[in-house]
Amino acid sequence: MINLAARDIKHTLGKFLVTAMGVGMLLGLVLVMIGVYRGMMVEAEILLNDISADIWIVQEDTLGPFAESSRVHEDLKNIIRAVQGIEKSEAMTFQNIQLPRKDKSVLAFAVGYDIHGAINPINPKRLVKGRNLKNDHYEIVVTDSTGFKLGEEIKLGRNYYKVVGITSKTVSSGGDPLVYISLKDAQELQFLYSNKEIQNDEARGIKNSESYRANAIIATIKSGFDIEKVAADIRKWQHKNVYTAKEQSDILTKNLIEKSAQQIGLFTAILVVVSTIIIALIIYTMTLEKMKVISIMKLMGLPNSLIIEMIVKETLLLGIFAFIFGNIFSHLIYDKFPKLVVLQIPDAWILFGVVIIASILASFVGVKKVISADPAAAIGG
Amino acid sequence: MNKQSAIKVQNLVKHFGKDDNLVRVIENASFEIQKGEVVALIAPSGAGKTTLLMMIGCVIEPTSGEIWLGKNKVYHDKWLAKDTRRIRREKIGFIFQAHYLVPFLNVLENITLLPQANKVSEKEAQKKAMELLKYFEIDDKAYNMSSQLSGGQNQRVAIARALANNPEIILADEPTAALDGERAVSVIKMLKKIAAEQNVAIITVTHDERILPYCDRIMKIENRGIVFHDVDDEGIL
């Protein structure tokens, strides 16, 4: 049997391809939106994965430094180290800082860690230039997206910090570039007030004891010990909140990204609905253009099934071509976005399924028009 | 029923609307058309020519009456066949005022479309189509699109399409209206030849008196009924 859909598409190929490209761009945006969500998930876990801690000890009744303010004494790390089952424990700080540049400052997320400690948050695979921090003061490792170069000096607080290392693709859960400084420098930046403020506080009888604090103590567990049990022990005796790596990951992904995910999900759903409506309108218009021919076909006695098959096939082909163009479009633009966009093959297949279902739904408007076409309309006019 | 009868209509009635809006188009029309006959259907505009043609073609349902196509009674106050479209597909060929070829199919595909819908193999349908195109002397245009043909060539393709499913009846709605005198005569001569050679009954709606001399009979709708005239009656239109 003659493939009517293929013949019709061939007859108006240019128009069909341009239409498919237009719908494809919408589908490409859907893929990018999903990619943004995937990117957020990946970015949220970069720091967690690089630190590779088994448990996070944070201020009691808080969700920890990624969700809300958390302060613990730095020396808590020594107490934690003595808990049965703990292998290593270190204090760390996490804070947003502005890195001043000539043109405009760069918002970054600074990780402060003990450079002599047992846990180094800098993943050696990501350190693409320079070295780790070696000195307790005035050195900084930055990620490449900050735009700073090795040897450059950055003024933070009262002092200048020299860029000694550059990492690649390290970002915080918020998508800000990560920088690494020593714990001492980080404590100074986060907790040390200006001289005038200290004088003022002393006059009021307030003694500043903040500079020996950290935002979290992180620890690894010896093999053979139950993480949950060790965490429960610390919770009970140290009056701190303790999160396992999985719980910390959930805080970052579910709690912090959930709203963004819902936002992206809603946008994606709207885009899919808009694409379906556009495909339906295109098919409706294409069917309207063929109404005379369809009436003649029905008058001659061609079965509805043959004409409906043509409409459904055309809609499916439009959806498939749009999907292909959408994939090409998304791969052309995904790396132009400021935040990480991760395009995954399974997501594309899911979208393909959605497009097929949407195309079948969209074809109903054309099919309805075919069924209602009056064969008598072929005569005259 | 006569064994040579192609179309028989008895007491056919067609009304549109109801009550105060009732329009009586055809009242108790009865006639019979034999195989191989070419009959011109004439009447003033709005008198019901196309309605009558569409009732015979199983497109518009009559209000009452009886219709036979060949030996089969297809209508007796209701359609007797479940699928009237199948009757059209298998028994009837249609020719229109314009060629109305499917624009996205080439000449050969336009002609083979209906036979293939009738489950004739593609090869067989193409063979028959090529024979028809040769008959109409346009076999060199088999792979052209209709947009690449002249008006006369397109009308010949449309006639070939109407013949492709070996119909017993051809219903033509002003097939020469869009053609100049020479081409109009050529088309009606062609239809006459087909009717004789293939034993097909042809009813052609027309306003074109140039083609009347080539018809066997003239069927006129008068006072909602059917009256037959000889082809040499003067001032018939």
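# Reading a two-chain predicted model

Modeller: Start with one pair. Arg7(A) and Glu109(B) form a salt bridge, and their closest N and O atoms are 2.5 Å apart. The term means a side-chain nitrogen of Lys or Arg within 4 Å of a carboxyl oxygen of Asp or Glu. This is a predicted model: local features need pLDDT of at least 70, side-chain atom pairs count only at pLDDT 80 or more, and totals for chains, interfaces and linings use all residues. Residues are numbered from 1 along each chain as its sequence is written, chains are lettered from A and ligands numbered from 1 in the order in which they are written, and side-chain values use heavy atoms, with hydrogens and water left out.

Biologist: How many salt bridges are counted between chain A and chain B?

Modeller: The count is 1. Polar contacts are another matter. Each is a pair of N or O atoms within 3.5 Å; within protein, one must be able to donate a hydrogen and the other to accept it, and residues adjacent in sequence count only if both atoms are side-chain atoms. Across this interface, 8 residue pairs are in polar contact, both residues at pLDDT 80 or more.

Biologist: Which elements give two or more residues to the side of chain A that touches chain B?

Modeller: They are α1 (4-11), α8 (291-300) and α9 (304-333) of chain A. Helices here are DSSP runs (H or I, at least four residues), and strands are runs of E of at least two; both are numbered from the N terminus. The largest share, 7 residues, comes from α8(A).

Biologist: How is the size of an interface given?

Modeller: Often as the accessible area lost when the parts come together. A 1.4 Å probe is used, and the loss is summed over both parts. Between chain A and chain B, about 2,300 Å² is buried, and carbon and sulfur atoms give 73% of that. In chain A, Leu299(A), Met300(A) and Ile379(A) lose the most area to chain B. Together they make up 28% of what that side buries.

Biologist: Is Ser172(A) buried or exposed?

Modeller: Buried means under 20% relative accessible area, exposed over 50%, partly exposed in between (1.4 Å probe, protein chains only). Ser172(A) counts as buried because its relative accessibility is 4%. Its place is in the loop between β8 (159-167) and β9 (178-182) of chain A.

Biologist: And where does Phe364(A) lie?

Modeller: In helix α10 (residues 345-372) of chain A. Phe364(A) has 49% relative accessibility, so it counts as partly exposed.

Definitions and conventions: Buried area = accessible area lost by both parts, 1.4 Å probe.
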